[in-house]
Amino acid sequence: MQTIRIQGIEYTIIEFDGDIDVNLMGREAYDKAKIFIRKDMPISKKRETLLHEILHIIYANAYLMKGDDEERIVGALSAGLHQVFEDNTTIGDFTESVKIL
């Protein structure tokens with residue numbers, strides 16, 4: 001089973017079928033230390049979605065105010081981080097070295 005450590009906690013990465021919800025690409029279960037990623041997406045979209053869910057976890061750990069538009073902030077950060085991971089092989093190898101998707 002794939003795991004990733006986020007701020008000292010091991011999260012299990014679980015792939016799910018897209019027929020559960022065709023609009024849902026990923027979800028974090030913060031209280032259960034699980035990250036769900038839809039398995040029928042291209043690998044690059046899985047990586048971006050994983051980063052998006054990681055940022056949700058970081059957001060929750062940071063106790064940011066709900067007045068902020070979380071989806072806009074997390075979406076912009078995940079897209080930007082995804083590009084950095086794709087453009088830099090040493091960072092991109094990080095996702096493979098921890099057996100992410």
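Author: Buried means under 20% relative accessible area, exposed means over 50%, and partly exposed lies in between, with a 1.4 Å probe and protein chains only. By that scale Arg38 is buried, at a relative accessible area of 14%.

This is a predicted model, in which local features need pLDDT of at least 70, side-chain atom pairs count only at pLDDT 80 or more, and totals for chains, interfaces and linings use all residues. Residues are numbered from 1 along each chain as its sequence is written, and side-chain values use heavy atoms, with hydrogens and water left out.

A salt bridge here is a side-chain nitrogen of Lys or Arg within 4 Å of a carboxyl oxygen of Asp or Glu. Side chains of opposite charge can pair when their charged atoms come close. The structure holds four salt bridges. One of them joins Glu15 to Lys46, with 2.7 Å between the closest N and O atoms. Glu15 belongs to strand β2 and Lys46 to helix α1 (residues 43–61), so this pair ties together parts that are 31 residues apart in sequence. Helices (H or I, at least four residues) and strands (E, at least two) are DSSP runs, numbered from the N terminus. Lys46 is buried, with a relative accessible area of 10%, whereas Glu15 is partly exposed at 31%.

Another salt bridge brings the side chains of Lys39 and Asp17 together, at 3.3 Å from N to O. This pair also links distant parts of the chain: Lys39 sits in the loop between β4 and α1, and Asp17 in the loop between β2 and β3, 22 residues apart. Lys39 is partly exposed, with a relative accessible area of 43%, and Asp17 is partly exposed as well, at 39%.

The buried Arg38 forms a salt bridge with Asp40, at 2.5 Å from N to O.

Now the strands. Two strands pair if DSSP finds at least two bridges between them. Strand β2 (residues 9–16) pairs with strand β1 (residues 2–6) in the antiparallel sense, over five bridges.

Strand β4 (residues 34–38) runs antiparallel to strand β3 (residues 26–29), joined by four bridges. Ile35 in β4 stands opposite Glu28. This hairpin has four residues between its strands, and Ala33 takes a positive phi near 55°.
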